[in-house]
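Please consult the sequence and the structure shown here.

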Amino acid sequence: MSQNLKLDLNSFESYESSVLKNLNSILLNHYDNLSDINLNKIKENQTHINKYCNFSELEPITDKDINILDDETIDISKAELAILNGEIFWEHTAAGEATRLGLGTKYLLNLSKFSIEEIIKHMQDEEINEIKKIKLNETEDEFKNKIIEIKNKISKENILKIIGKENIVSQNISLGNRHMLQLAFDVSKLAEKYNLSVKEILNKQKNLIILNEETSDEILKQFIEWNFFGFNPKNIYFMIQKKFHGIKLENGTLQFDKSTTKNKKLHNHGQMLMQKVHNEVIFNIDSKNYKNKTYLKSEQFCNLLEKHLNLLSYNIEDLNYLNSSIDYPSLSLALELADKGYGMIMEIVSNNPIKPQKGGACFFDKKLNKVVMIESNQLSQIQNKEIIHLNKNFNNYPNPSQIFKKIKENGLPLSFEIKTSFDETGNPTQHIYPCCVQGDSNFLTKTAFVMRKNLKSISSWKSPATTPAAIKAILQQDLQENFTNFIKDIKTKTLTNVSFDNGLGIDNSLKINNNKNSKHNNHDDKQNKKMENKKINELIFKEYDIRGIFKEDFSEDLVKKIGYYVGLEIKKIEDSVCIGFDCRTHSIDCFKWLVSGLNKANLKVINLGEVPTPVTYFSGYHKDTQCTSNIMITASHNPKEYNGFKMTIDNKSFFGKDIKNLKDQVINSTIEIEDNYNCEKFDITTPYIKMIVDKFQNLKNYKKEFIIDCGNGMSGPTIKQICAKLNLNYKLMYEKPDGDFPNHPADPSVRENLDHLIDELNKDDCELGFAHDGDSDRVYACLKSGPINPDILGILLAKTIENPKVIGEVKCSKVMYDTIDKLGSTIMTKTGHSNIKNVIRENPDTSFAIELSGHIFFKDKYFGYDDAIYSTFRILELEANGMDFEKEIEKLPKVYSTNEEKVKVDESIKFDIVNKFIEKVKQNKQELNYTDLIEIDGLRINFENGWGLVRASNTSPVLVTRFEANTQEELENIKTKILNILNQII
């Protein structure tokens with residue numbers, strides 16, 4: 001195969017156009033006329049068309065053909081000096097938008113999100129799917145025996161032998177972030193080795209991160225959230241590798257099929273090399289706003305490369321670099337070979353014995369009399385198991401501007417692959433995808449191939465088979481000495497950079513100093529002292545839970561103490577506690593710290609994993625846990641930077657005075673609590689799902705469609721299984737838990753957060769929708785016309801219960817209280833899930849309780865706690881039993897009301913403001929002309945034709961108001977009078 005035309009690399013558009021010309025030329029070398037063929041014909045011959053031009057001249061390599069690297073004898077000081085001087089350009093290749101692991105996008109893949117059981121099940125399924133693809137003449141029994149053999153081989157016992165330990169709780173860090181942290185950690189260790197400033201040495205490093213279009217925003221945001229991993233933001237460069245539409249062949253003409261984005265795919269590493277030379281594709285981002293990008297011209301990037309001795313390109317899937325991201329022996333040899341004129345250094349490894357793969361294969365080309373690296377699709381019929389040596393995908397480019405200029409001048413050859421994709425209607429079809437032959441970069445410059453004296457096998461995480469090795473590497477990474485403290489330094493900006501470098505210059509004055517008496521940057525001591533002296537924010541201890549901003553309000557020391565002192569309270573009742581946590585990115589950190597404190601209190605800790613809040617509550621009623629106390633790590637609907645704890649002891653809410661006493665204990669404590677993550681994993685989700693399915697057998701096979709907006713909160717995976725087992729006609733929106741809540745805030749009480757669901761209802765042929773909050777204890781029901789206010793929903797639910805006894809809170813409509821009182825009875829109480837659960841306990845004949853924010857607490861046929869999942873099916877029952885929601889609502893008295901309206905105030909004075917407001921209202925009774933006041937929670941002021949409420953939120957720095965009246969005019973009048981008084985105070 002040879003390149004027929006020169007690719008035009010002036011821009012992506014010209015490059016795209018020239019790709020068609022090149023592929024057309026390649027095909028016309030094999031077919032007289034493209035009009036007479038189709039893609040199936042080309043697919044039959046693609047291995048022949050792409051075959052390496054000297055394929056018949058290839059033979060296995062021998063030691064004499066390559067450079068041998070002896071790790072033990074090579075002098076690594078040259079590499080160390082180059083790093084300390086900032087002369088290495090690190091290229092972090094993370095563009096792959098998907099992974100063959102089937103567990104998520106490579107960069108964002110986070111193993112802490114999966115239990116060992118889920119991983120094993122996934123590995124088994126992948127292996128079983130492989131044998132299903134191979135059509136053999138087997139009996140059904142033989143096939144079943146193969147599956148049994150696979151499950152015996154991929155068992156928990158065998159996997160744990162590889163991993164080396166039973167407890168596999170890892171830090172909540174994605175694969176890509178782990179690689180960046182490891183690089184920063186290793187650079188910092190090198191700086192400390194020579195008693196140099198960690199900040200200054202990190203500041204010198206330059207990084208290029210290759211991203212893809214789908215996940216680029218998410219990864220850019222993570223760089224900001226991780227404070228650029230301690231590097232200088234000006235020195236972190238990014239490139240978004242673009243995807244090509246598939247190419248179709250119509251009437252003998254090749255053209256990109258732009259009918260749907262479903263047929264777009266990345267090329268390969270070679271396409272990345274080609275795109276790098278385009279103008280203005282490399283960029284920096286603002287350190288606070290990832291959308292503010294500053295692009296470099298091609299010449300600027302080339303000048304930047306010229307200032308470096310070496311560009312080191314590696315892929316995040318390589319497990320070796322999770323524990324030591326800097327290969328000093330390899331880098332030192334590359335710098336030595338650079339002095340001999342080499343422009344590219346490739347390391348050769350042996351194929352993976354667990355799962356052989358193709359990749360870039362290395363052979364000796366007898367015709368060229370040299371070692372070459374050949375692409376997968378150039379290897380004709382060679383099978384994976386026949387390939388002995390592979391390129392490690394970790395390449396050094398000494399004098400990196402040299403290869404940059406040569407690629408810009410010559411480009412790389414094209415090959416192609418025909419793959420299945422999708423047409424505009426979503427049906428599978430086939431397209432041609434061009435593949436730049438990255439291996440040909442070793443023909444553009446003098447290339448050295450290096451092999452270790454002790455040859456290593458490839459250690460890439462490319463298949464489920466290598467997942468146990470990945471788990472082991474991740475756990476070993478977490479156990480590195482001071483690694484956890486280093487992560488804290490990054491998160492708390494202790495290692496934010498000095499700014500003596502403009503991002504394009506290099507300080508070449510630094511030389512290695514072995515003087516052990518020189519000043520040492522003891523950042524660990526400084527950080528520990530900083531955390532000790534940091535005053536605890538007492539405002540996180542709220543009325544019915546603990547909630548605050550993770551980085552600002554929750555330190556490791558604080559959370560450990562919370563766990564310890566709550567643990568002492570639990571110890572008075574029982575010897576164990578169940579812990580669940582939500583999908584927030586820092587929940588696993590809170591979990592580990594909390595567990596350490598609970599272990600200090602000598603409790604048995606039962607780890608429920610990542611679950612919805614009501615599933616954690618359910619653990620207190622499930623006989624197999626033998627435990628009535630639980631803690632849920634969640635900040636519910638609060639923004640992603642928040643976290644917190646909802647606590648239950650003896651199935652009673654831990655709130656009010658309990659939390660106040662806890663606060664006093666924690667603030668005054670000097671106890672030191674060591675790390676102790678010992679816990680016992682328990683599957684509570686399976687029995688919870690069975691319980692819900694059993695309770696709603698009357699809904700089984702109900703065919704009317706409904707929609708649930710899970711809000712990227714915790715309900716999606718659980719409710720999906722329930723709906724499937726009941727064979728319901730459902731649609732889920734934003735079902736995947738994501739602690740960044742990318743689609744909208746997970747707070748259904750805010751009207752605009754329901755727009756996505758209501759839009760979907762109006763597009764679809766269904767009448768009823770549900771929106772859940774972040775931790776799945778709140779639900780809003782919606783019709784095409786809009787949401788049903790929870791207090792009105794309370795009336796509809798009460799109508800289906802004989803002699804209902806309903807508890808409402810101070811924000812609920814007078815219509816609710818009046819209507820339900822005609823059917824049964826009501827109680828008005830203060831807002832707050834813990835308080836309401838307490839009132840339910842005092843009134844055991846309660847049917848249900850309801851909050852305007854969407855909490856529904858069913859005691860009728862249930863346990864009396866708030867559960868969005870259970871409540872969803874109780875509401876669905878209303879429709880299934882023939883209720884017409886619109887008609888029932890029309891029968892109710894017509895009133896005019898506002899939604900909850902929030903007024904931002906300082907957290908520390910919100911209750912004082914309410915107290916002053918109450919006093920002021922009492923002083924102005926004659927002017928306001930109200931009939932009575934209710935001081936259950938804030939102040940509810942009743943008028944002859946309506947009412948108004950002002951109260952302080954227990955979870956957020958806001959005052960909450962609500963107004964209702966018989967006419968719009970009266971509503972505006974009441975609202976104006978009350979807000980006038982409130983404005984005088986705030």
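The text below treats a strand and its partners, then a helix, then a loop residue.

The model is predicted: local features need pLDDT of at least 70, side-chain atom pairs count only at pLDDT 80 or more, and totals for chains, interfaces and linings use all residues. Residues are numbered from 1 along each chain as its sequence is written, and side-chain values use heavy atoms, without hydrogens and water.

Strands (E, at least two residues) and helices (H or I, at least four) are DSSP runs, numbered from the N terminus. G946, G948, V950 and A952 point one way from β39, whereas W947, L949 and R951 point the other way. In a regular strand the side chains alternate between the two faces of the sheet. Two strands pair if DSSP finds at least two bridges between them; the pairings of β39 are tabulated below.

| Partner of β39 | Sense | Bridges | Hairpin link |
|---|---|---|---|
| β38 (residues 939–943) | antiparallel | 5 bridges | 2 residues |
| β40 (residues 958–965) | antiparallel | 7 bridges | 5 residues |

I941 stands opposite G948 in β39, and G946 stands opposite A965 in β40.

In helix α22 (residues 657–667), I659, L662, K663 and V666 are buried. They cover an arc of only 105 degrees around the axis, which puts them on the same side of α22; the arc is that of the directions from the helix axis to the C-beta atoms.

S112 lies in the loop between β3 (88–93) and α4 (116–133). S112 is buried, at a relative accessible area of 18%. Its side chain makes a polar contact with the side chain of N172 at 3.3 Å (a pair of N or O atoms within 3.5 Å; within protein, one must be able to donate a hydrogen and the other to accept it, and residues adjacent in sequence count only if both atoms are side-chain atoms).

Note on methods:
Buried means under 20% relative accessible area, exposed over 50%, partly exposed in between (1.4 Å probe, protein chains only).
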